[in-house]
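Please examine the sequence and the model shown below.

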Amino acid sequence: MPCQLEWIGMEPVAAGDEESFRHALRYAQLTALLELGYGTYSLNLFVAMTVGAIYYATDGWSDWLLYWSGLNGVMIVTRVLLQSHVHDHLETLTEPQTGLRLMTASAFAGGVVWACLPLLIPDLDLAGRHSYVVLIMAGAIMASMVRGIPHSPIATMFALPPLLSIAIVLTRDGDAEADILAVNMLVLALVLHKSCRLGAANFLATVAAGVQATDLAASLKIANAEAQEKNKALEILANCDPLTGLANRGRLQAQLRFSLACARPGDRIALFILDLDRFKQINDTLGHAAGDALLNEVARRLTSALDGTGLAARLGGDEFAVLIAGPDHPDRLLDLAQHCLDIICQPMLLNGRVVPIHSSLGLALWPDHAETAEELYAYADMALYESKNARKMCAVGFSRDMKLQSDRQRQIEQDLRRAIERGELQAWFQPQVRIADHAVVGFEALVRWPHPELGLVNPHEVVHSSEILHQTRALARSMLEKSCRLIKELDDRGLALHATVAINISPRDFTIYDVPELLRSTTDLYGVPRDRFEVELTEEAELEPERIHGALKQIAQSGFKLSIDDFGMGHTSLNHLLSINVDRMKIDRSFVNGIAGNLQNQALVSAMVALGRMLNIDILVEGVESSEDLKTLRQLGCHTAQGYLFAAPMPHADLVRWLEERAGSRQQASLRP
Ligand code: C2E
Ligand code: MG
Ligand code: MG
């Protein structure tokens, strides 16, 4: 059997799809047949009654007429019932072909009943008084052709029996004219069959095009749904942090822009930025999986602390943010920020270990602090920086001072590199004296930067900015060179002979450049003896003696002196003091200032002096401002001091003058009787 699709002129389709396509076609054929309704059956009945009436009028009553009419009536009723049954079960019909077959069979049965008509009429005279039979049967056959449009076998099956029966009847007489008529009938049957098939093919082609269009629409719908799904997934990717599921930076920025655009008078927009302290350490020690778990837990805690207020986002790494828009009071927002921080900073169980969580939070408000989204970010960041510095796990709100400080910092960073290159940084020197006779035994070199706009920039700012700009080596080198020049000049003038110069070096410098090498190369270049230099190490909490132990050893072995600055403030252990061979400890001025009236500090300094003696380490007291304090310090056994009582730090030229004046007055005093 030729493929139905080819037969109706359709492109072949994939094997799997062909079956469902055929099914759809058959279903459409059956539906079209059913939609034709019961009109042809009524016509059939009417035509049969017409035959009976004409026969009765021309030939009178006959029994066969009753039988045939009855049979035809039963047949029509059967066909109507069958069609109605198929119609009622159309929805549940799994195979429409069965319906088509049943209806084709019933059409054949109907055709057979009509075929009986010419055979039953006694003394049939088709050319004469019974010619109406041929005409009426032709009408019935034509009506069947209308039914056959959706499914050609129906028309063929109905038409074939009557046509054959007429042909038989015609050839039965042996009349040549009747034979020719019979042949004509057969040809007509063929033509009818052919045109039925053509009509049905056209119908199928139309239906097939419809089915394909429906399929196309359905597949387009599916494709559209898939595209929408994908868009949704892309949207989630574009807006969410994949690890925590919080909003990402882009989403937060968009929301901030939107909130700013929609803000009404009286509204306030708050931006919290928070980050975790020492997250890297947790990642490094407990592994990245634990780090991820920590971030997820922080995200969860943040969301629960907010309890539906605002939008929480992860900006990246260990940095989170919260955006809250609406009419709210600054104090309430600060309270909420602190609440978030408190919830986040609960200890956490990671890899079976209880890990303390430390975090800092900065908060800025629109319109109170900032006018634009960029300012809001920058100011919340500044507040975060303050919160970090305070190390108290306190939410910090932005203030104007922070902005001034940040502007100042920016300007310092902008100008510092050039200032170092141009030699604009100055070294000021503060004398260190022997308490017993006030003889100058050394100086401490302290950096000073007279900025054209900011005035004198304090050393902490210079040191901090030089670290940010990676200029610590250049700064140390500049201070060393200036100190070398001072020593040379003092030696040339015969002033403060053998006095040392102390250079401040931050322990962090040891991890950035080769400090011993810089010390050696610079002092060698100026031809200054190494023992005239003392390296002052600020005692910092982060000082890790193990990491810088080798360099300190090299410094000592090269002939430079070593001292621990601000002793008592940090965490230098005895062990480390012994292992790095320190020459001097400088007791921080916080223990020294007002010591005359402070018994506790007296006890502490006395203990430090005893420790120094035990370890054979010299003790210098810093920040001596009054003669009472000096007296007490002397009684406690201190030998060397530095402070405003003797002299404040001063520029090179002033120091030379100061020393000359001092030398002059001392000389005069010694000449006095
Ligand atoms: P420091 O090394 O402890 O320096 C002593 C500080 O105490 C100096 O402050 C000095 O001016 C101040 N001072 C001295 N005597 C007295 C006194 O009697 N009373 C009071 N109240 N203060 C006194 P300065 O110059 O502001 O330096 C601050 C810190 O900056 C220094 O503390 C040092 O740690 C750091 N620093 C200064 N210059 C440099 C440098 O060139 N490199 C590095 N890395 N740090 C430096
Ligand atoms: Mg110092
Ligand atoms: Mg100090």
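Tyr132 touches Val51, Ile54, Tyr55 and Thr58, not counting residues up to four places away in sequence; contact here means heavy atoms within 4.5 Å. The model is predicted: local features need pLDDT of at least 70, side-chain atom pairs count only at pLDDT 80 or more, and totals for chains, interfaces and linings use all residues. Residues are numbered from 1 along each chain as its sequence is written, chains are lettered from A and ligands numbered from 1 in the order in which they are written, and side-chain values use heavy atoms, with hydrogens and water left out.

- Tyr132 is found in helix 6, where helices (H or I, at least four residues) and strands (E, at least two) are DSSP runs numbered from the N terminus.
- Tyr132 counts as buried at 11% relative accessibility; buried means under 20% relative accessible area, exposed over 50%, and partly exposed in between (1.4 Å probe, protein chains only).
- The C-alpha atoms of Tyr132 and Val51 are 7.9 Å apart in space, although the two residues are 81 residues apart in sequence.
- His130 lies in the loop between helix 5 (96-120) and helix 6 (131-147), and His130 counts as buried at 0% relative accessibility.
- Leaving aside neighbours within four places in sequence, His130 is in contact with Tyr55, Asp59, Ile121, Pro122, Asp123, Leu124 and Asp125.
- The side chains of His130 and Asp59 are joined by a polar contact of 3.3 Å. A polar contact is a pair of N or O atoms within 3.5 Å; within protein, one must be able to donate a hydrogen and the other to accept it, and residues adjacent in sequence count only if both atoms are side-chain atoms.

- Donors are N, O and S atoms within 2.8 Å of the metal (3.2 Å for Na, K and Ca); water is not among the atoms, so sites may look incomplete.
- Glu444 lies in strand 9 and Asn504 in strand 11 (residues 500-505), so this pair ties together parts that are 60 residues apart in sequence.
- Glu444 is buried at 3% relative accessibility, whereas Asn504 is partly exposed, with a relative accessible area of 30%.

**Magnesium ion (ligand 3)**

- The protein donors of the magnesium ion (ligand 3) are Asp565 (OD), Asp566 (OD), Glu622 (OE) and Glu622 (OE), at 2.0 to 2.4 Å.
- Asp566 lies in strand 13 and Glu622 in the loop between strand 15 (618-621) and helix 22 (627-635), so this pair ties together parts that are 56 residues apart in sequence.
- Glu622 counts as buried, at 11% relative accessibility.
- Asp565 bridges the magnesium ion (ligand 3) and the magnesium ion (ligand 2), which lie 3.9 Å apart.

**Ligand 1**

- Ligand 1 is surrounded by 22 residues, the closest being Gln430, Glu444, Arg448, Asp565 and Glu625; a residue is near a molecule if one of its heavy atoms lies within 4 Å of it.
- Strand 9 gives the most to the shell around ligand 1, with four residues.
- A nitrogen atom of ligand 1 is 2.8 Å from an N or O atom in the side chain of Gln430, and an oxygen atom of ligand 1 is 2.8 Å from a polar side-chain atom of Arg448.
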